[in-house]
Amino acid sequence: MKQLLAGFVIWFFVSTNGLTQSTGQPGPAKLPRIAIAGLGIESSTFSPALTHEEAFHARYGPEVFNAYPFMMPVSPLRKQALWLPTVVGKSLPGGAVTREAYESLVTKTLDSLKKYGPYDGLYFDIHGAMSVVGLDDPEGDFLTRIRQVIGYKTLVSTSMDLHGNVSWRLAQQTDLMTCYRMAPHEDAMQTKERAVVNLLERIKSGKGKPAYKAWIPVPILLPGEKTSTRIEPGRSLYQQVEPASKQPGIVDAAIWIGYAWADEPRNQAVVMVTGDDKAAVTQAAEKLARNFWGVRHQFDFVAPTGSLEKCLADALASPKHPFFISDTGDNPTAGGAGDVTWTLTQLLARPEFQKANGPSLIYASIPDADLVKKAIVAGVGGLVDGTAGARVDARFAPPVKLRGTVTSIVRGDKDAEVEVVVKVGSIYVIVTQKRKPYHKEIDFTRLGLKPREANIVVVKIGYLEPELYAMQQGWIMALTPGGVNQDLARLPYKRIRRPMFPFDKDMKTPDLSAQLVPISGTSK
């Protein structure tokens, strides 16, 4: 019913906006017709978790506009085209997407595109690190199938996360491509808007598809926590991207770090530059690629790291609070299952935290629907006794026993649905019905927690997101086990291309010459 209603609204929107006004003056029908579509997720092939369709929280038809502040009714961009939104879905990072979920979402997108064509342009909004069971390069497959519907006269502009992967197929099927230039991704919406602006400019100016797309695979595979643009060499490397994109004859330039926790041939860094001047495009791409390769040995973690034992020793000894510890191995925003109990088990066993008046520690979080149900029955102030976690990923520790007082029950979160806080000794454990990342201060305060007053805050995360980073008075990343283990050498890669840095530290300098990708719809 929801999709039928969305289809009717699109039909009404297209019909009424496509009429020439009775005055005889040129009407909105002369505006370019631009579709919007995309699916986004980071999914680890090293996690046993699977991602299903509902995790994408797909938007259909006009509700797609709500995903983009720059596409609100009053915005200038909204008025420059006849926009035809189809399906856009964004999931929390997780395990590989089931083939059924992927095929369902792709089919819905294709069906919608078939109804409202033809199109002058398509804004393709993806992440670039989706893994699908039994399928390599899903984004390349998705866009290839879209092309079978919309054809090759349609100009496609793609925006991506810098932790995405750019296969040759994806590069060939798109015309304009850009990605984030910051990690953490504070420029995400700015990047999406840039992709739309580039698309509109090429359509309205009549320039159409850029003549040249330079693609250079750089055989480096590193986690985002070692390539943050907050620190060197990532900061200086990425500061070169915008000036490169502003050169005459160039439309855009980008560096992809790639996604480290999936085992596919496409997973590696890539540099790509698009434009109309062959020499400018190739030279800019080769310079960025050489500079990237030249600083490969300088990449290091964005924060101090250590074993959990060392991290706790540092945190307990610190006079400054709150002291943050990143529980990195099961980070749900990098593709971890989110329910690994190894760290929480270690914390609960520590004598420092076993008394109610011990050092206060907040742990975010562990998902377990059954324990949440028990907590609801017990009510705030009641005693809950049960186990939590390790329902999906029990490779490192079994479900953890929790016996404590329920201090909070909150309903309505988009991801978690229901959150409860259970106090065990001096540890406040956040237990969720479904997994959820904790990135903002309000994520804690809405549960009645006061992270600024806590001695220690342990979060399943890699690098701290901006609000947490601003709050911390001390921070260290614990190298814990999980599906997104920061020690990549411990992961059983079998299919990535070799040689690859840092796995093959003494490898020869690769060929970093620009490869010119054929214009979409051509073989050369």
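This is a short tour of a predicted model, from the whole chain down to single side chains.

**The whole protein**

Start with everything shown. The protein has 13 helices and 22 strands. Its radius of gyration is 24 Å, close to the 24 Å that the globule rule gives for 524 residues, so the protein is as compact as a globular protein of that length. The C-alpha trace spans about 75 × 60 × 40 Å along its principal axes. If you colour by accessibility, buried residues make up 59% of the 524 residues. Among contacts with a separation of 6 or more, 75% are between residues 24 or more positions apart.

Next select residues 43–44, 50–51 and 94–97, which are β2, β3 and β6. These 3 strands form an open sheet in the order β2-β6-β3, with parallel pairing. β2 and β3 are the edge strands, each pairing on one side only. Between β3 and β6 there are 2 bridges. To find a bridge partner, pick Thr-51 and look across to Val-97 in β6.

**Ser-47**

Stay in this region and select Ser-47, in the loop between β2 and β3. Is Ser-47 buried or exposed? Its relative accessible area is 8%, under the 20% cut-off, so Ser-47 counts as buried. The Ser-47 side chain reaches the backbone nitrogen of Ala-49 at 3.1 Å. Now show what surrounds Ser-47: leaving aside neighbours within four places in sequence, its contacts are Gly-95, Gly-335, Gly-336, Ala-337, Arg-395 and Gly-483.

**Aromatic rings**

Show the aromatic side chains. The structure holds 11 aromatic pairs. One of them is Trp-168 with Trp-215, an edge-to-face pair at 5.2 Å centre to centre and 80 degrees between the planes. Trp-168 lies in helix α4 (residues 168–173) and Trp-215 in strand β10 (residues 212–218), so the pair ties together parts that are 47 residues apart in sequence. Trp-168 is partly exposed at 33% relative accessible area, whereas Trp-215 is buried at 9%.

Move on to Tyr-438 and Phe-444. Their ring centres are 5.7 Å apart and their planes stand at 55 degrees, so this pair is tilted. Tyr-438 is buried, with 1% relative accessibility, and Phe-444 is buried too, at 0%.

Finish with Phe-46, Tyr-493 and Phe-503, which form one aromatic cluster.

Technical notes: Residues numbered from 1 in each chain as written. Predicted model: local features only at pLDDT ≥ 70, side-chain atom pairs only at ≥ 80, totals over all residues. Heavy atoms only, no water. Pairing = 2+ DSSP bridges. Helix = DSSP H or I, 4+ residues; strand = E, 2+ residues; numbered from the N terminus. Buried < 20%, exposed > 50% of the residue type's maximum accessible area, 1.4 Å probe, protein only. Polar contact = N/O pair within 3.5 Å; in protein donor to acceptor, adjacent residues only side chain to side chain. Contact = heavy atoms within 4.5 Å. Rg over C-alpha atoms; globule rule 2.2 N^0.38 Å. Phe/Tyr/Trp six-rings, centres within 6.5 Å; stacked < 30°, edge-to-face > 60°.
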